[in-house]
There are 2 protein chains.
Amino acid sequence: MASSQFAMAVHVLAMLANNCDERIKSGYLAESVNTNAVVIRRLLCDLHEAGLVVSQTGYSGGTCLTQAPSEIRLDEVFEAVVKTEVFGLHPNKPNPECDIGSNIVPVLGRIQDEVNLNVRQTLSGYSLQDVIDEVIQIGKTKKKKELVK
Amino acid sequence: MASSQFAMAVHVLAMLANNCDERIKSGYLAESVNTNAVVIRRLLCDLHEAGLVVSQTGYSGGTCLTQAPSEIRLDEVFEAVVKTEVFGLHPNKPNPECDIGSNIVPVLGRIQDEVNLNVRQTLSGYSLQDVIDEVIQIGKTKKKKELVK
DNA sequence: AGTTCTGTAACTAGACTTGTTACAGTTATG
DNA sequence: CATAACTGTAACAAGTCTAGTTACAGAACT
């Protein structure tokens, strides 16, 4: 299964951005993402390590963004939560006695690096604020359609 | 685990390109990739569906490329064997009563599409021949170093 | 007829992902 | 100080995916 961590992370960060001034509880986030609060807390742990959020334990605890939504780029979010490669290299070391087998892995590794870089560059074109703007825009369009009915 | 199908596919295609005039057996390919022949045959099945190879059953059977290595681009190979996304969307449908939850999925989907497109564009910059050239180049460099010793 | 292939089904082992329960530690409230 | 409401984290279950393996039917040459 392709991991949903990135999708959930962007969702959670967008929720936090929408409530900048107060600490948000994992249970509340979990309701919106439609998952368990522990899943959210695990995610927030990764986002905390990346310096994107801070949490507070105890009574009236919760989580906040550390930066303005316009300063958080999606490649940072990706980096924080996605651990897998777009494609994996060989599961077993290829036969070193074969001309191709003995030298193909570094070539594929280089291509892998280039793909990774391009993915990150694509994502760096979007800030969290861009995502929120687009979400709100879709919301407005929906409402208009409902009014027409 | 990130699937190694793409890496193995490029490896196998490079082997076929290196032996254009004869049919190559799955067992021989498996030795170079260092895996089981059935794993290779499953892979060849996908590559056949994509029109990149043809196989023949029976005595003196085996597999050949259908095109020149310079005409096979890596995005075609990727398309043929990789089924997963760079990142997955939500495992469960987000809460529709939440402003973010109700509208974030299509936004993420659009970004997903853009990432996919960029990955394919990156890979389309390489032909199978390019990979083979690079592999051979590395092989030559290695031999030089050995001679120096 | 016998040999040597491919194609494919069926199964196993291991890894990964999400979801869940449980609980220790932390912080505010009364 | 006792209680309530949080986070952080460990532990486990269920489902899915990947690669590897065995087995065998069908095809093609000798």
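Predicted model: local features only at pLDDT ≥ 70, side-chain atom pairs only at ≥ 80, totals over all residues.

1. Residues are numbered from 1 along each chain as its sequence is written, chains are lettered from A and ligands numbered from 1 in the order in which they are written, and side-chain values use heavy atoms, with hydrogens and water left out.

2. Let's begin with the interface. On the side of chain A, 53 residues are in contact with 53 residues of chain B, contact being heavy atoms within 4.5 Å. About 4700 Å² is buried between the two chains, and carbon and sulfur atoms give 67% of that; buried area here is the accessible area (1.4 Å probe) that two parts lose on being put together, summed over both. If you want residues to look at in chain A, Ile100(A), Asn103(A) and Val135(A) lose the most area to chain B, together 12% of what that side buries.

3. How many residue pairs are in polar contact between chain A and chain B? The count is 24, with both residues at pLDDT 80 or more. A polar contact is a pair of N or O atoms within 3.5 Å; within protein, one must be able to donate a hydrogen and the other to accept it, and residues adjacent in sequence count only if both atoms are side-chain atoms. Several helices of chain A supply at least two residues each to the side touching chain B: H1 (5-17), H2 (26-33), H4 (74-81), H5 (104-123) and H6 (128-148). The largest share, twelve residues, comes from H5(A). Helices here are DSSP runs (H or I, at least four residues), numbered from the N terminus. By residue type, that side of chain A divides into 29 nonpolar, 16 polar and eight charged residues.

4. Two salt bridges cross the interface of chain A and chain B, a salt bridge being a side-chain nitrogen of Lys or Arg within 4 Å of a carboxyl oxygen of Asp or Glu. The side chains of Arg110(B) and Glu134(A) meet in a salt bridge, 2.7 Å from N to O. Aromatic rings come together too: Phe6(A), Phe78(A) and Phe87(B) form one aromatic cluster. Over all chains there are four aromatic pairs, where rings of Phe, Tyr and Trp (its six-membered ring) pair if their centres lie within 6.5 Å.

5. Over all chains, the structure holds twelve salt bridges. Arg110(A) bridges to Glu114(A), with the closest N and O atoms 3.6 Å apart. Both residues lie in helix H5 of chain A, four residues apart, about one turn of the helix. In chain B, Glu79(B) pairs with Arg120(B) at 2.4 Å between the closest N and O atoms. That pair links distant parts of the chain, from helix H4 to helix H5, 41 residues apart.

6. Asp75(A) deserves a look. Asp75(A) lies in helix H4 of chain A and is buried, with a relative accessible area of 14%. Buried means under 20% relative accessible area, exposed over 50%, and partly exposed in between (1.4 Å probe, protein chains only). The side chains of Asp75(A) and Arg73(A) meet in a salt bridge, 3.3 Å from N to O, and Arg73(A) is partly exposed at 35%. Asp75(A) also touches Arg120(A), Leu123(A) and Ser124(A), leaving aside residues up to four places away in sequence.

7. Val77(A) is in helix H4 of chain A as well. Is Val77(A) buried or exposed? Val77(A) is buried, with a relative accessible area of 1%. Not counting residues up to four places away in sequence, Val77(A) touches Phe6(A), Ala9(A), Val10(A), Leu13(A), Leu52(A) and Ile72(A). Val77(A) and Ala9(A) are 68 residues apart in sequence and 7.1 Å apart in space, C-alpha to C-alpha.

8. Finally, a backbone point. Most residues other than glycine have a negative phi. Asn34(A), though not a glycine, has a positive phi of about 65°. Asn34(A) lies in the loop between H2 and helix H3 (37-49) of chain A and is partly exposed at 37% relative accessibility. In chain B, the phi of Asn34(B) is near 65°, also positive, and Asn34(B) is partly exposed at 38%.

How values were computed. Nonpolar A, V, L, I, M, F, W, Y, C, P; charged D, E, K, R; others polar. Phe/Tyr/Trp six-rings, centres within 6.5 Å; stacked < 30°, edge-to-face > 60°.
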